[in-house]
Amino acid sequence: MRECEFFVQLCASPKAALDSAVKAGKKVIGVMPYFCPEELVYAAGMLPFGLWGAEIQASESRRYFPSFFCSILHTTLELGLRGELDALSGIMIPFSCDSLKNMGTNWRYGVKKVPVINVSYAQNRKIPAGTEFNLAQLLKIKAQLEEICGHEITNEAIAAAVKVYNENRAAVLRFSAAAAKHPELITPAERCAVLKAGYFMDRAEHTAHVNWLSDILEAAPESSREGYIALVTTGIIADSPELLKILEDNRIYITADQICHESVPCRCLTAETEDPLLALAKRTGEIEGSCVLFDPGKERGHQLVKLAQDSGADGVLWVMTKFCDPEEFDFVPVKRMLDAAGIPVLCIEVDQQTPELGQAKSAIRAFAEELRGI
Amino acid sequence: MDEKKSAKIVLRELQDKIAQDAWDAKNRGEKVGWCASNFPQEITTAMGIPVVFPENMGAAVGAKGGGRRMCEYAEGMGYSSSMCSYSRINLAYADLKKCEELEIPFPDFLLCCNNICNCMIKWYENLALELNVPLILIDIPHLDERECGPDRVKYIRAQFDDCIAKLEEITGKKMDYEKLKSVMDVSQRSSRAWLRAVGFMSETPSPFSGFDIFNNMAVACVGRGTVEAAEAFELLADEYEANAKEGKSTFKGEEKYRILFEGIACWANLSFTYKALQRRGINLTASIYGPAFSFLYSNLDELMAAYAYVPNCNCFERELEMRVDAAKTNKVDGAIFHVNRSCRNWSGALYEMERQFAAQTGVPTVSFDGDQSDPRSFSEAQYETRIAALTEIMEENKLRKEAGKNA
């Protein structure tokens with residue numbers, strides 16, 4: 001729908017958004033997956049800028065990472081090595097997975113212009129010692145950000161940022177639910193663009209735009225959704241234009257997602273308390289549904305089953321990021337949980353460096369036909 | 001009779017005894033755990049809790065030729081071929097409940113530690129679900145700076161204490177803190193003896209074949225808190241010292257070149273990788289496995305930090321320094337970097353490591369693609385070609401050096 005054009009345009013050229021923010025005098029901090037404390041960047045008056053790779057061919061990055069590393073890291077590093085991210089004032093890189101543990105090193109030696117802010121958080125995240133550890137890391141990160149922005153990041157500013165992010169997360173979930181009722185109005189690609197745009201713009205502005213769109217969707221006449229297949233997506237990222245087009249072509253819509261790049265962080269709000277830093281320290285202990293956070297009972301699987309059941313999905317589409325071993329580990333036990341619940345699941349592998357999805361196209365078509373009972 | 005046995009035999013027997021002890025305990029109805037190789041063994045040793053090590057199983061099954069079969073079975077379960085081969089072998093075993101190359105008693109609980117990689121967490125999460133047993137994690141976050149700061153020490157210590165409480169509940173055994181102290185002392189004795197033994201690699205020629213480290217390190221990993229291990233490593237160090245004095249070595253043939261071997265051994269191709277070096281007179285005289293299984297500390301807080309200084313947990317600069325120091329101390333002529341398909345943590349900055357290592361040491365380097373236990377990722381032809389190229393350069397360097405001396 002034409003109301004989505006703003007989001008689609010923004011996602012078409014994140015670089016333009018970066019350059020425009022810098023031109024307007026804003027400092028910008030790159031934010032890599034997963035669960036970095038963007039709120040601190042926002043509280044510092046800087047723009048957090050999401051870095052989740054790009055659909056480009058990586059070549060320079062191969063001097064740093066072997067081929068069996070995911071494209072999110074390869075292509076993000078590639079952009080850095082090409083100088084396309086030189087306008088950043090810093091980049092937050094967490095140690096969430098074994099590949100990311102090396103990203104900071106490769107970036108520091110390859111992209112000298114943009115300083116690295118390491119982000120550590122506790123995997124034993126539900127015990128007080130984990131929160132305390134997280135708090136100590138947030139204080140270190142805050143100090144680094146203060147050095148970059150040149151002023152103190154006050155508690156008031158952090159509390160305000162927490163509120164902005166909470167409102168944004170609520171807006172994203174509201175939109176996701178509204179879009180799920182109108183597959184005739186919102187394509188999978190448009191849905192993705194609406195969510196993704198938040199990574200490249202002021203979150204408060206994004207909230208306003210998203211809520212405006214949700215108002216329109218909620219006011220639209222009810223759709224019968226006849227002839228459509230409803231799927232819940234799960235994985236790291238699902239923004240491949242080719243994939244989203246295949247879904248659209250097969251009249252498949254996304255009724256809810258468990259994608260780290262989309263709704264996973266939105267399901268967990270930060271407590272709005274007098275100590276916002278402590279509240280942020282507790283937050284990673286509360287997020288569920290991600291393969292990179294310690295999950296001994298595979299709560300992810302239970303959450304996914306519930307999401308599929310509650311949203312009335314016909315099945316689950318597992319969007320597997322190639323060479324992402326945390327995802328590969330989760331797949332077997334979580335699929336077993338879906339099987340036990342009688343929820344059909346299709347897994348397709350995506351790689352930002354090979355955007356053509358020939359095999360996936362056939363598999364998705366066959367899956368849709370199976371779900372339609374053809 | 002024992003004093004007449006060589007350290008090699010003593011270590012092998014000790015390794016077998018540790019494995020048998022776990023089986024005996026299991027058969028007696030005691031609770032047995034599966035444990036990560038770099039988990040603080042002081043806890044289980046002091047509490048008298050038997051544990052076995054799935055990573056060691058992965059290495060042993062790989063070395064005995066079962067890696068491919070077990071990995072393929074795991075892939076049949078839905079696991080990706082790009083995952084760690086130790087984990088694939090072990091997850092296959094957890095499902096199959098049998099393995100012709102090596103079996104370990106099934107666990108009543110799991111002890112995980114991610115100081116070597118976060119892959120351990122995912123692997124053990126799946127085991128906990130598959131085997132329906134409790135999982136205890138000691139999370140040791142990757143170091144973001146050179147030193148393990150008080151924030152990390154405090155976090156690790158809290159988990160250490162928490163782990164003891166949970167194990168007391170699971171096994172019904174109580175921690176004896178006096179025993180813990182003595183285990184810490186014995187572990188220091190083992191670590192010092194292990195370091196003394198591998199330290200003889202600096203002698204020219206080295207009194208032993210560097211590949212011996214791969215055979216001996218299992219006990220350093222699983223048994224270093226026991227007096228038997230400490231004595232075995234002291235015996236090993238004495239033997240190496242005697243060899244050094246007499247100019248003898250376990251390395252077969254003349255030691256023409258000395259190299260650093262970076263990365264985990266290719267267990268499934270151990271013989272091939274060794275022979276390609278040995279027949280060219282290349283001895284491994286520097287490896288990170290020396291410090292990898294030595295944990296030096298003088299109190300509990302230092303113990304926590306020691307487990308954060310294991311290879312792969314350190315910041316890059318400290319990791320690099322360890323390699324450069326080993327190369328210089330042990331006077332290497334070249335280095336081989338194993339780009340291990342199984343280990344993203346180890347391989348992710350290896351190209352940068354190789355560049356900086358070469359720049360700082362001035363020695364030639366080559367890399368090759370391989371895997372710790374899945375032979376499908378190793379190419380004999382590529383390895384041969386790379387080793388031949390390295391040998392040529394080392395030979396040229398040697399001739400140039402000799403010419404310089406004679407000029």
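A salt bridge, as the term is used here, is a side-chain nitrogen of Lys or Arg within 4 Å of a carboxyl oxygen of Asp or Glu. Keep that cut-off in mind as we walk through this predicted model, starting with one pair that meets it. A:K298 and B:E125 form a salt bridge, and their closest N and O atoms are 2.6 Å apart. Side chains of opposite charge can pair when their charged atoms come close.

B:E130 forms a salt bridge with A:R336, with 3.0 Å between the closest N and O atoms. B:E130 sits in helix 6 of chain B, while A:R336 belongs to helix 13 (residues 325-340) of chain A, so this pair joins two chains. Across the interface of chain B and chain A, the rule finds nine salt bridges, and over all chains the count comes to 65.

Now step back to the interface as a whole. The size of an interface is often given as the accessible area lost when the parts come together. For chain B and chain A, about 4,200 Å² is buried between them, with 56% of it on carbon and sulfur atoms. On the chain B side, B:K122, B:Y155 and B:R344 lose the most area to chain A, together 17% of what that side buries. In terms of contacts, 48 residues of chain B touch 50 residues of chain A. There are also 32 residue pairs in polar contact across this interface, both partners having pLDDT 80 or more.

Which elements of chain B give two or more residues to the side that touches chain A? Among them are helix 5 (85-96), helix 6 (119-131), strand 4 (135-138) and helix 7 (150-171) of chain B. Helix 6 of chain B gives the largest share, eight residues. By class, the side of chain B that touches chain A has 20 nonpolar, 14 polar and 14 charged residues.

Let's turn to the spaces inside. Rolling a probe the size of a water molecule over the atoms shows where empty space is left. By class, the lining of the largest cavity divides into 14 nonpolar, two polar and six charged residues.

Definitions and conventions: Residues numbered from 1 in each chain as written. Chains lettered and ligands numbered in written order. Predicted model: local features only at pLDDT ≥ 70, side-chain atom pairs only at ≥ 80, totals over all residues. Heavy atoms only, no water. Contact = heavy atoms within 4.5 Å. Buried area = accessible area lost by both parts, 1.4 Å probe. Polar contact = N/O pair within 3.5 Å; in protein donor to acceptor, adjacent residues only side chain to side chain. Helix = DSSP H or I, 4+ residues; strand = E, 2+ residues; numbered from the N terminus. Nonpolar A, V, L, I, M, F, W, Y, C, P; charged D, E, K, R; others polar.
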